[in-house]
Amino acid sequence: MTATSPRLKHEVKDLALAPLGRQRIEWAGREMPVLRQIRDRFAQEKPFAGVRISACCHVTTETAHLAIALKAGGADAVLIASNPLSTQDDVAACLVADYDIPVFAIKGEDNDTYHRHVQIALDHRPNIIIDDGSDVVATLIQQRPHQIADLIGTTEETTTGIVRLRAMFRDGVLTFPAMNVNDADTKHFFDNRYGTGQSTLDGIIRATNILLAGKNIVVVGYGWCGKGTALRARGLGANVIVTEIDPIRAIEAVMDGFRVLPMAEAASAGDLFITVTGNKHVIRGEHFDVMKDGAIVCNSGHFDLEIDLKTLAEKTTEVKNVRPFTQEYRLHSGKSIVVLGEGRLINLAAAEGHPSAVMDMSFANQALAAEYLVTNKGKLQAGLHSIPTEVDQNIALLKLQAMGIEIDTLTADQDEYINSWTSGT
């Protein structure tokens, strides 16, 4: 763990963008007081001294603050993009030029470049992997199993990544600790719901400039991201339809006041479709066949597989760029389907991702999860581990304090009552 890796070269669009990136990073920091406090403590205590960290994240202003905090804590850190369209080039430039953090991320990079960057992250021989979708971990296990011996553990903050890690553990290949950041209350209750809800619609509006009021918007999936998206769409006057495979979530959507339909029926009713499932091909060929002329489809899940773009292309005579991040597919039937952001995360492709205020808590969890792995090196079993409740609670308290909000505490009598079985009624 104490070995140091050679300084890696960066790969960003243009270092001349650094001054703009610095301005934007500083602006985001105004609403990230929790991570700022953690960074200040890290700078004093240096919990990551001698630790190599490879982070695969959306390279945004908020992620910049996580990277800066890790370096302040003594980490030898490398950052790559977790999605080809999610990088903010000015931010990547600033991290290289002003903070000497190796960054390998260019907005619009092709898949080959993305996978090459994953290899660069592993060339760093990380002790800790901070992942966003588990691509780096999956590549490590499949292609570089000899490097697992270097690993203290990994942290993961996406639903998609957690699903993949559970599958790895089930198949017996997750042989090291993995921190389940995604399921921390201070992450998914806020990041997934309020962050995804607002940033998804922000991306759609920036890409299209359409009026959402009065539109039939189909939200595909009613997990925390789907709940937030449906709530914000309704708030802008849309008629929201939800599709689900989980009966409990479907009931919840109904009782939240949304119309629930199978996709086979929703496909012909929708004006705009938003996928937030983390699964593959939830909008497929048979759905394109019955969609309205001019229907818009986009994704705010994780990978670009939620919409079956290959099948859509096979049904198409022409693909035309009509606006930035907006492509019109002209079908053999004569009608058109509009795809936003190439089927990738629309909130990051066409907008700036989640607001800083929610990412403050998410990245606080990432930073503290990495510290937890180091502190407990050799003590944690292989498999998924939850963020400790006391860490989750402390992040929430720090956030409340930064917001100037006070809450009650239990009296001694109340504490005794709720911890006793003899008091009764």
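Trainee: Are H3 and H15 roughly parallel or oblique to each other?
Mentor: This is a predicted model in which residues are numbered from 1 along each chain as its sequence is written, local features need pLDDT of at least 70, side-chain atom pairs count only at pLDDT 80 or more, and totals for chains, interfaces and linings use all residues. Side-chain values use heavy atoms, with hydrogens and water left out. The axes of helix H3 (residues 61–72) and H15 come within 10 Å and cross at roughly 30° (axes are lines fitted to C-alpha atoms, for helices over the stretch in contact, and angles run from 0 to 180 degrees between N-to-C directions). Angles under 35 degrees count as roughly parallel, over 145 as roughly antiparallel, 65 to 115 as roughly perpendicular and the rest as oblique, so H3 and H15 are roughly parallel.

Trainee: Which residues in H3 meet H15?
Mentor: Helices (H or I, at least four residues) and strands (E, at least two) are DSSP runs, numbered from the N terminus, and contact means heavy atoms within 4.5 Å. On the H15 side the contact involves Ser356, Met359, Phe363, Gln366 and Ala367. The H3 residues that meet them are Glu62, Thr63 and Leu66.

Trainee: How do the residues of the contact of H3 with H15 divide?
Mentor: Ala, Val, Leu, Ile, Met, Phe, Trp, Tyr, Cys and Pro count as nonpolar, Asp, Glu, Lys and Arg as charged, and the others, Gly among them, as polar. For H3 with H15 this gives four nonpolar, three polar and one charged.

Trainee: Is the crossing of H15 and H16 left-handed or right-handed?
Mentor: Helix H15 (residues 356–375) and helix H16 (residues 389–402) have axes 10 Å apart and pack at about 145°. A crossing is left-handed if the near helix is turned anticlockwise from the far one by less than a right angle, and right-handed if clockwise. The crossing of H15 and H16 is right-handed.

Trainee: Which residues of H16 make the contact with H15?
Mentor: H15 contributes Ala357, Asp360, Met361, Ala364, Asn365 and Leu368. By class, the residues of the contact of H15 with H16 are six nonpolar, one polar and three charged. From H16 come Val391, Asp392, Ile395 and Lys399.

Trainee: Which residues in H7 meet H6?
Mentor: Helix H6 (residues 135–143) and helix H7 (residues 159–170) have axes that come within 10 Å and cross at roughly 25°. They are therefore roughly parallel, and their crossing is left-handed. Asp135, Val137, Ala138 and Ile141 in H6 meet, in H7, Arg164, Leu165 and Met168.

Trainee: What is the bridge partner of Ala178 in S15?
Mentor: An open sheet of seven strands has parallel pairing and the order S3-S2-S1-S4-S5-S6-S15, where two strands pair if DSSP finds at least two bridges between them. Strand S3 (103–104) and strand S15 (383–386) are its edge strands. Four bridges join strand S6 (residues 177–180) to S15. Across them, Ala178 is partnered by Leu384.

Trainee: In the open sheet of eight strands, which are the edge strands?
Mentor: This sheet has mixed pairing, in the order S9-S8-S7-S10-S11-S14-S13-S12. Strand S8 (residues 239–243) pairs with S9 in the parallel sense over two bridges, with Val242 partnered by Val260. Pairing on one side only are the edge strands S9 (259–260) and S12 (316–323).

Trainee: What angle does the direction of helix H9 make with that of S7?
Mentor: Helix H9 (residues 224–235) packs on the sheet and touches strand S7 (216–220), S8 and strand S10 (272–275). Its direction makes with that of S7 an angle of about 170°.
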